[in-house]
Amino acid sequence: MDPTRELKEELRLYQSTLLQDGLKELLDENKFIDCLLKAGDKSIPCHRLILAACSPYFREFFLSDESEEKKKNMELDNVDPTIMEAILKYLYSADIDLNDGNVQDIFALASRFQIPSVFTVCVTYLQKRLSPSNCLAIFRLGLLLDCPRLAVTARDYVCDRFSQICHEDDFLQLATHELIAIISNDSLNVEKEETVFEAVMKWAKMDKENKVKTLSDVFDCIRFRLMTEKYFKDHVEKEELLKGDPEIQKKIKVIIDAFGGKLPEPAKDKGVDGDVGDEDLLPGYLSDIPRHGMFVKDLIIMVSDTATVAYDPVENECYLVALSEQIPRNHSSIVTKSKQVYVIGGLYVDEESKDSPLKSYFFQLDSVGGEWVGLPPLPSARCLFGMGEADNCIYAIAGKDLQSEESLDTVFSYDVKAVAWKEAKKVPIKVYGHSIVSHNGLIYCIGGKTDDKKCTGRMFVFNPKKGDWKDLPPMRTARSMFGVAVHKNMIYIAGGVTDDGLTALVEGYDIAKNKWETVTEFPQERSSINLVTSSGSLYAIGGFAMVQLESQEFAPSEVTDIWKFEDDKKEWSGMLKEIQYASGATCLDSRLNLFKLTKL
């Protein structure tokens, strides 16, 4: 920066601070007070000059022909005095105590009295506090107070998470124009247009008598040509709510013709640029422009303590999903049936919990926002544990206590809806270094090491509905620290550590036949392999192998290659010799929107 400009900026800030401090001092000492704001049962002292400088509303009032008495004692109808005092505090000190309980009231009053500085502070606060539970309310508030910046930000947030938010009660309360502003957007994050139709039908049925009057306008925003023709026949044509609207029935006939390859002649507008294509002039319900959410793809994500990266094994491309410096190096991760990603690990000291202060960090990936979101920590700090999921719950199973290093058999369950942990049924044995896999509502606990530090081949299955663990046939080779994945209704086990050292053995458990069978060995003995099923293929990523050093001695070393299991040949084929993002990472399958990712 230019030295002269820098000096001017310093002097400006210094003078602003002196002025602000001086004005606050005058208010606190009740000096030069020339106005009392009458709000409720309170008279709030202030200076006309400050109000006029910060608000066009007050400036106009004080410069008007109103009597001096009214200007001196200004009546404010329907104003909460505590809210007005909070605003005045900001005008004099640039300090305001915003919270979820008062921000909307402060925002509304700042809008009413045209105080842009407070208005902007509230908008910024609300933008940062957007969540699935409040985004629709904030969207409506932005529209109500004519604040495009807030309304657009909240709308985009809703569009990004539409599949989740359309199930919220607030969604059913949206006015017609509010709903249209959301579902007409190209950026709607839905994989199928059927989701939009079903959400609209649910919305309409909440208040049939009133909403049916505007249903035709909403109907225009659904892109029916993005649906399958079978779905359209089975659900749209047979929807009773639509049968009573003659205008909608006409549109349905046009859509049926469109499925048959016959589109209506577009109504050309004389004012429209000649470069606009015919498709752009068709009504919205005939649009076949894909939503942004329709660009999702099966990818393998690699979670480390530096970054979360998605790898496309088909195109051999990498994408940045999120920075992850807060993720502990030693962690366990899981991807749920609904493709939500969670991580547990590290040591978190909760100073407020006297009984059990040592806990483990717990995070969820927000792939849309590109960040990891902190969740209530696991009440029991542990390592070498496994994670499973069933019935909207995340399970942390067995492992080693981080403080005492004792083997554990305890299980904790995190209820996603209740946002809380609780203890679940213990595993039949104390075990660590085992693997957990979830499939069809059941959780399988396989292998690991027991209290005597010996490897076990035992396998248990947990049924959350019954709340019990049951023995299943054991693995043929007892091992720990191995890779596991479900592939084509079979649980695959690869590599790991046996009582004699590293192994390359692979075996599979046929879930339907309830028996183990031998699978082609992995090309190299190694532990901690990441087995991942993605787009119907089984991949093995990284791990630790014994590598010969220059001294001719062998030592464990991390490898970061990728292999694919060829189902037809029953063999492993090398895909990539090295991928740096797999170093120190846990790998999972997921479905991510390429629109939200940055190619590396």
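Is Asp 391 buried, partly exposed or exposed, and at what relative accessibility? At 44% relative accessibility, Asp 391 counts as partly exposed, where buried stands for under 20% relative accessible area, exposed for over 50% and partly exposed for what lies in between, with a 1.4 Å probe and protein chains only. The structure is a predicted model, in which local features need pLDDT of at least 70 and side-chain atom pairs count only at pLDDT 80 or more, while totals for chains, interfaces and linings use all residues. Residues are numbered from 1 along each chain as its sequence is written, and side-chain values use heavy atoms, with hydrogens and water left out.

The chain has 600 residues, of which 46% count as buried, and its C-alpha trace spans about 95 × 70 × 55 Å along the principal axes. It contains 18 helices and 31 strands, taken as DSSP runs numbered from the N terminus (helices H or I, at least four residues; strands E, at least two). Among contacts between residues at least 6 apart in sequence, 53% join residues at least 24 apart, a contact being heavy atoms within 4.5 Å.

The largest nonpolar core has 89 residues, and Leu 37 and Met 84 touch the most other members; such a core is a set of buried Ala, Val, Leu, Ile, Met, Phe, Trp, Tyr and Cys residues joined through side-chain atoms within 4.5 Å. Helix H5, residues 81–93, gives the most to this core, with 8 residues. When residues up to four places away in sequence are not counted, Met 84 touches Leu 37, Ile 44, Phe 58, Leu 76, Val 79, Leu 109 and Phe 113. Apart from this core lies another, of 17 residues, including Val 321, Val 343, Leu 588 and Leu 592.

Helix H5 also takes part in the lining of the second largest pocket, to which helix H1 (3–28), helix H2 (48–54) and H5 each supply at least two residues. Among the lining residues are Ser 16, Gln 20, Leu 49, Cys 54, Leu 91 and Tyr 92, and by class the lining has 8 nonpolar, 2 polar and no charged residues.

Helix H13, residues 193–206, has 14 residues and reaches 21 Å from its first C-alpha to its last, close to the 20 Å expected at 1.5 Å a residue, the expected span being 1.5 Å times one less than the number of residues. Its buried residues include Glu 193, Glu 194, Val 200 and Trp 203. Phe 197, which is found in helix H13, is buried with a relative accessible area of 3%. Leaving aside neighbours within four places in sequence, Phe 197 is in contact with Ile 222, Phe 224, Met 227, Tyr 231, His 235, Val 236, Glu 239 and Leu 242.

Ser 111, in helix H6 (residues 103–112), is partly exposed, with a relative accessible area of 24%. It touches Phe 119 and Leu 145, not counting residues up to four places away in sequence, whereas Ser 111 and Lys 359, 248 residues apart in sequence, are 45 Å apart in space from C-alpha to C-alpha.

Two loop residues remain to be described. Asp 391 is found between strand E12 (386–390) and strand E13 (393–401), and has a positive phi of about 50° although it is not a glycine. Val 419, in the loop between strand E14 (407–415) and strand E15 (420–424), has a positive phi of about 55° although it is not a glycine, and is partly exposed, with a relative accessible area of 43%.

Terms used. On a 1 Å grid over the protein atoms alone, a cavity is a set of points where a 1.4 Å probe fits but cannot get out, and a pocket is an open set with protein on both sides within 12 Å along at least five of seven lines; lining residues have an atom within 4 Å of a point. Ala, Val, Leu, Ile, Met, Phe, Trp, Tyr, Cys and Pro count as nonpolar, Asp, Glu, Lys and Arg as charged, and the others, Gly among them, as polar.
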